[in-house]
Amino acid sequence: MVMLNMVTDPGLQPKSAKVVFNNGVSGDIRMTQSDYKSPLEIKLNLKDLTDSVGPWHIHRLPVVSDCSANSTSGHYNPFAVSATYKACKDAAACEAGDLSTKFGPLTGGDVQRAVTDPKLTLFGFNR
């Protein structure tokens, strides 16, 4: 009889990320994914949003100085989808990082919302 010692690959363990806001807007956005086949779950808990917030998205590079395409290299778009910036019924028709096009803008006051995205992942490489 052969006994196999199965070691779980740490790269396949559930993953999570958290963005914390504390400069005018307060709260957080939490992203979790149980495995690489599951959709990404995004939970928003934000307070004190103004009507000027509107679009929300994930950039290819982190925001260092300002939120411009010059410093952040545009939206995360690993599937090279042509941007329409119009609401889309299918997440595959939108840039992966264009969350406002997929789920609507963030406007006014407090936002507590949960969305699920089948095209975003916390697994693999960021291209």
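**Before you start**

The model is predicted, and local features are given only where pLDDT is at least 70, side-chain atom pairs count only at pLDDT 80 or more, and totals for chains, interfaces and linings use all residues. Residues are numbered from 1 along each chain as its sequence is written, and side-chain values use heavy atoms, with hydrogens and water left out.

**The whole chain**

Show the protein as a cartoon, and you will find two helices and four strands, where helices (H or I, at least four residues) and strands (E, at least two) are DSSP runs numbered from the N terminus. Read from the N terminus on, the elements follow the order β-β-β-α-α-β. Of the 127 residues, 30% count as buried, a word that stands for under 20% relative accessible area, while exposed stands for over 50% and partly exposed for values in between (1.4 Å probe, protein chains only). A contact here means heavy atoms within 4.5 Å, and among contacts between residues at least 6 apart in sequence, 44% join residues at least 24 apart.

**The nonpolar core**

Next, select Ile-42, Leu-44, Leu-46, Leu-49, Trp-56, Leu-106 and Leu-120, which have the most contacts inside the largest nonpolar core, a group of 16 residues. Strand 2 (25–33), strand 3 and strand 4 (109–117) each supply at least two residues of this core, and strand 3 gives the most, with five residues. A nonpolar core is a set of buried Ala, Val, Leu, Ile, Met, Phe, Trp, Tyr and Cys residues joined through side-chain atoms within 4.5 Å. In soluble globular proteins, nonpolar side chains tend to be buried together.

Stay with Leu-49 for a moment: leaving aside its neighbours within four places in sequence, Leu-49 is in contact with Val-25, Leu-106, Gly-108, Gly-109 and Val-111. Then select Asp-48, which is also placed in strand 3 and has a positive phi of about 65° although it is not a glycine. Asp-48 is partly exposed, with a relative accessible area of 48%.

Now go back to His-59, which counts as buried because its relative accessibility is 16%. The side chains of His-59 and His-57 are joined by a polar contact of 3.3 Å; a polar contact is a pair of N or O atoms within 3.5 Å, where, within protein, one must be able to donate a hydrogen and the other to accept it, and residues adjacent in sequence count only if both atoms are side-chain atoms.

Select His-75 as well, in the loop between helix 1 and helix 2, and compare its place with that of His-59: the two are 16 residues apart in sequence and 4.2 Å apart in space, C-alpha to C-alpha. His-75 is buried because its relative accessible area is 15%. Neighbours within four places in sequence aside, His-75 is in contact with His-57, Ile-58, His-59, Arg-60, Tyr-85, Glu-95 and Asp-98, and a polar contact of 2.6 Å joins its side chain to that of Glu-95.

The loop between helix 1 and helix 2 (99–103) also holds Ala-80, which has a positive phi of about 55° although it is not a glycine. Ala-80 is exposed, with a relative accessible area of 67%.

**Helix 2**

Which residue makes a side-chain polar contact with Asp-98 at 3.3 Å? Select Ser-100, whose side chain makes this contact with the side chain of Asp-98 and whose place is in helix 2. Ser-100 counts as buried, at 15% relative accessibility, and, leaving aside its neighbours within four places in sequence, Ser-100 is in contact with Pro-55, Trp-56 and Pro-105.
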